[in-house]
Amino acid sequence: GYVGRDVEQIVRDLIEISIHMQRDSLRAEVKERAIVLAEEKIIEQSTIEDLNIDKLKTFYWEQYNEEFEKDYVNNVLENLRLGKNGKLNVAGALLFGKNLKKILPQFYITAIWFWGNELEDTAYRSSENIYGTLDELYKKGFDFIVSKLNRIQPKDRGFNSLGELEIPETVFTEILVNALIHRDYFINDSIKIFVFENRIEIISPGSLPNNLTPEQVKRGIRRTRNNIIASFAPSLMEYRGAGSGILRALKVYPQFEIINERADERVIVKIYRQKSILN
């Protein structure tokens, strides 16, 4: 009788151990899935052909003073957390990809130059969708804004001298760079650049991360949502990653506001133009 009971107890113990192991395995799986960030998501339709190998090689040489052969590109991608098994992840494509319109068509810039001051206006001066890697998006977005701004002639300069932009470049440089680096790449939407007569709006998908507030941003406090992208950005774009960008912008031109719309999952930065400030 005792032997039978012992066997039953052993069976019950084994069943309980099995249940605990299954629970632990499930917890580990849930935890593993939870820490997969948007920038690390593998683009299944991508291949090595969608990688700008020359650009990656140039970066690698400048950073590590080393070269690598084409046969080792998969190892380099995995070591830099830019891809796996011959496929790019979102960060890898945004930093060193090509054919972005094909493999990441949802991540681009919508740029519109309006006649007036209302988003609802049906007529606009010009509009374009801007595609490319992050540094290309930054350059083209920057050029779009600059081309729509007025230049003001300082009184102490000659008639033939080039006037100064009505908004210092530092302002929209910092705001645009931050929109590209810190946006939420789980949201399949474009960054918006709207140029109105009285303001410029730069709208970034995703609210501020980790309960960050606009007031904290204006004090130089930062939270990084996309760590891989942010780690490469100083080498590819005008980005320092020290939280000082907005502070510099505020110092030279404080006439802008940051609006964090958590319900709508977006951040809107409104930069007011000189004509609206003077009126």
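Hi everyone, let's start with the overall make-up: the protein chain has 11 helices and 10 strands. Please keep in mind that this is a predicted model. The chain runs to 279 residues, and 44% of them count as buried. Among contacts with a separation of 6 or more, 63% are between residues 24 or more positions apart.

Now to strand S7, residues 191-195. Is S7 enclosed or open? Five of its five residues are buried, so the strand is largely enclosed by the rest of the structure. Ile191, Ile193 and Val195 point one way, while Lys192 and Phe194 point the other way, and all of these are buried.

Who are the neighbours of S7? On the parallel side of the story, strand S3, residues 109-114, is joined to S7 by five bridges. Within that pairing, Thr110 stands opposite Lys192. Strand S8, residues 199-205, runs antiparallel to S7, and four bridges join the two. Here Lys192 turns up again, standing opposite Ile203.

Let me finish with another lysine, Lys55, which lies in helix H2, residues 53-64. Which backbone oxygen does the side chain of Lys55 reach? That of Leu95, at 3.0 Å. Leaving aside residues up to four places away in sequence, Lys55 touches Leu95, Phe96, Thr133 and Asp135.

How values were computed:
Residues numbered from 1 in each chain as written. Predicted model: local features only at pLDDT ≥ 70, side-chain atom pairs only at ≥ 80, totals over all residues. Heavy atoms only, no water. Buried < 20%, exposed > 50% of the residue type's maximum accessible area, 1.4 Å probe, protein only. Contact = heavy atoms within 4.5 Å. Polar contact = N/O pair within 3.5 Å; in protein donor to acceptor, adjacent residues only side chain to side chain. Pairing = 2+ DSSP bridges.
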